[in-house]
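Please look over the structure below. The report that follows covers backbone geometry, a ring pair and the ligand site.

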Amino acid sequence: MESNCRLAGRTALVTGAAKRLGRAIATAFARRGADVVVHYGRSREEAEETVDAIKALGRRAWAVSCDLAAPENAAGLIAEVWTVAGGLDLLVNNASVFPEGDFAATTLDDIQTILDLNAFSPLELSRAFARRLEAADGAGDIVNLLDCRMVEYDHRHVAYHVSKRVLFDLTRMMALEFAPRIKVNGIAPGLILPPEGKDETYLAELAHTNPLQRYGSPDDIAAAAVFLAEAPFITGQVIYVDGGRHVKGRMYG
Ligand SMILES: NC(=O)c1ccc[n+]([C@@H]2O[C@H](COP(=O)([O-])OP(=O)(O)OC[C@H]3O[C@@H](n4cnc5c(N)ncnc54)[C@H](OP(=O)(O)O)[C@@H]3O)[C@@H](O)[C@H]2O)c1
């Protein structure tokens, strides 16, 4: 039942892997010898490009779409992955949205919508994955993408902030609930890529807010994901890949 803790020969599902951080994680796993199911929502063309990049590395890859705005779709996605890839060893909950909205403007519906995608779909994917592994007496890994902002109060992205706090708690809860069969860890990125619609000046303007005074790259996040997937004795852990921003505080200044 113990996981072999090497990526070589394992199969990973990375949600939201058509582009950006998800693509970086998916291709880094493939470089370490994993086969990868590339989940996407709407970005079919980019998902196919990720699949092609993984195949060019000599690994198997499949693009699978699923709307994760509805957590009840999660079990179907895991079932489809089992069908196309013949099993699954590693789940990366990466798909997410990052809407702006302060406390006064954020409605209960906004919070529910973002919770469903950013926290409850990861929960339901993880539970479906765990049930399958239990039935097969297998072992595996889950890596959840969090955010270094969760240690402070991100008053500009209130619903998002709630969702990542919930996923942080779920990460620790699942680490206990799924042990010893599944290791569950998190990565809390800081400034890595500008949100959709913004360019690099967004990163440059905020770079001074972390102690290392720069922004990171998708490869930094992928390296943390590889490390966690291959670490045999780490569970319930969160790695902050944020230039130290979580210890400094003062998010926007
Ligand atoms: N970028 C950063 O600097 C940063 C900083 C802190 C934390 N993070 C966290 O790291 C992770 C990756 O960040 P990112 O910036 O690369 O993410 P992103 O580009 O904002 O989103 C990743 C993917 O999520 C998918 N997605 C959104 N809504 C969906 C839905 N309803 N159903 C299915 N898929 C859906 C999208 O897939 P499609 O395009 O296929 O629809 C999108 O490509 C996220 O969890 C984010 O919160 C990122």
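Glutamine 213 lies in the loop between helix H6 (200-206) and helix H7 (218-230). Its phi is positive, about 55°, although glutamine 213 is not a glycine. The model is predicted, so local features are given only where pLDDT is at least 70.

Aspartate 137 also has a positive phi, near 50°, and is a residue other than glycine. Aspartate 137 is placed in the loop between H4 and strand S5 (140-145).

A cis peptide bond runs from alanine 179 to proline 180, with omega near 0°. Proline 180 belongs to the loop between H5 and strand S6 (182-189).

## The aromatic pair

How many aromatic pairs does the structure hold? There is one. Phenylalanine 98 and tyrosine 160 form this pair, and the arrangement is edge-to-face. The centres are 4.6 Å apart, with 75° between the planes. An angle over 60 degrees counts as edge-to-face.

The two partners come from distant parts of the chain, 62 residues apart. Phenylalanine 98 is in the loop between strand S4 (90-93) and helix H4 (108-135). Tyrosine 160 is in helix H5.

## Contacts to the ligand

An N or O atom in the side chain of tyrosine 160 is 2.8 Å from an oxygen atom of the ligand. A polar backbone atom of arginine 42 is 2.7 Å from an oxygen atom of the ligand. For asparagine 94, a backbone N or O atom lies 2.9 Å from a ligand oxygen atom.

How much of the ligand does the protein bury? Taken alone, the ligand exposes 880 Å², and the protein buries 87% of that.

Methods
Residues are numbered from 1 along each chain as its sequence is written. This is a predicted model: local features need pLDDT of at least 70, side-chain atom pairs count only at pLDDT 80 or more; totals for chains, interfaces and linings use all residues. Side-chain values use heavy atoms; hydrogens and water are left out. A polar contact is a pair of N or O atoms within 3.5 Å; within protein, one must be able to donate a hydrogen and the other to accept it, and residues adjacent in sequence count only if both atoms are side-chain atoms. Accessible areas come from the Shrake-Rupley method with a 1.4 Å probe; for residues, only the protein chains shown count as cover. Rings of Phe, Tyr and Trp (its six-membered ring) pair if their centres lie within 6.5 Å; planes under 30 degrees apart count as stacked, over 60 as edge-to-face and the rest as tilted. Helices (H or I, at least four residues) and strands (E, at least two) are DSSP runs, numbered from the N terminus.
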